[in-house]
Amino acid sequence: GSPTRLILEGHDWPYFHRERAGGLLRPIKVAYTTWKSPAGMAVEEALAGDPRFAFRSIRTTAAWPELRDLYHWCDVFLGFPNPQEGFYLVGLEAMAAGALFVCPDVEGNRAYCRWGENCLRVNWNDVPGYLAALEQVAAMSDGAVAAMRAAGYAVLPRHGLDEERRLFGEFLEELGA
């Protein structure tokens with residue numbers, strides 16, 4: 001009988017924001033981290049020597065400035081979350097930076113992931129799936145890239161700290177009434 005309200009998680013995504021336009025130049029710059037899975041290294045190894053792609057990764061603990069630099073460098077960010085995870089901030093940060101995001105459905109990222117619209121979906125730790133997603137990205141038209149980026153940018157305002165604060169304040173007022 002207690003009142004409840006779903007309040008979307010807020011994040012300081014403007015820190016990672018980078019406005020981008022247009023399609024993808026070659027090589028397509030692909031980034032990932034290895035904190036939760038080594039699968040990104042297998043993807044990179046499988047595409048070694050393919051002139052369409054260039055890779056960078058963070059394989060050690062990193063602070064926000066290093067992450068922002070990586071997001072700003074890349075065109076595509078490969079997400080490797082745990083098999084079931086909460087919000088998974090990485091995806092929202094990558095979208096804020098204008099990077100195309102490739103990730104499995106790990107439940108918490110459903111708050112902002114619209115697979116096929118603002119990101120590409122793969123199965124968890126499925127290296128062939130990530131390779132297929134990169135093939136799909138390489139074949140995308142400039143318009144499709146721009147549309148996916150725009151859809152990524154469109155979900156950001158729902159996840160700002162001010163929005164979370166506003167919704168939580170409304171809930172507290174409701175409780176006090």
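How many bridges join strand S1 (residues 28-33) to strand S3 (residues 76-78)? Three bridges join these two strands, which run parallel. The model is predicted: local features need pLDDT of at least 70, side-chain atom pairs count only at pLDDT 80 or more, and totals for chains, interfaces and linings use all residues. Residues are numbered from 1 along each chain as its sequence is written, and side-chain values use heavy atoms, with hydrogens and water left out.

Strands (E, at least two residues) and helices (H or I, at least four) are DSSP runs numbered from the N terminus, and two strands pair if DSSP finds at least two bridges between them. Five strands form an open sheet with parallel pairing, in the order S2-S1-S3-S4-S5. Its edges are strand S2 (53-58) and strand S5 (120-121), each of which pairs on one side only. Within the sheet, Val30 stands opposite Val76 in S3.

The largest nonpolar core has 28 residues, of which Tyr71, Phe77, Leu92, Met95, Phe101 and Tyr112 touch the most other members. Such a core is a set of buried Ala, Val, Leu, Ile, Met, Phe, Trp, Tyr and Cys residues joined through side-chain atoms within 4.5 Å; buried means under 20% relative accessible area, exposed over 50%, and partly exposed in between (1.4 Å probe, protein chains only). H2, H3, strand S4 (100-103) and helix H5 (142-155) each supply at least two residues of this core, and the largest share, five residues, comes from H3. Apart from this core lies another, of 25 residues, including Val76 and Val122.

Glu93 lies in helix H3 (residues 89-96). Glu93 is buried yet has no salt bridge, and Lys36, the nearest side chain of opposite charge, is 10 Å away. In this count Lys and Arg are positive and Asp and Glu negative, while His and the chain ends are not counted. Leaving aside neighbours within four places in sequence, Glu93 is in contact (heavy atoms within 4.5 Å) with His11, Phe16, Leu67 and Tyr71.

Elsewhere, the structure holds eleven salt bridges, each a side-chain nitrogen of Lys or Arg within 4 Å of a carboxyl oxygen of Asp or Glu. In one of these, the closest N and O atoms of Glu174 and Arg5 are 2.0 Å apart. Glu174 lies in helix H6 (residues 161-176) and Arg5 in the segment before S1, so this pair ties together parts that are 169 residues apart in sequence. Asp50, Arg52 and Glu135 are linked in a network of salt bridges.
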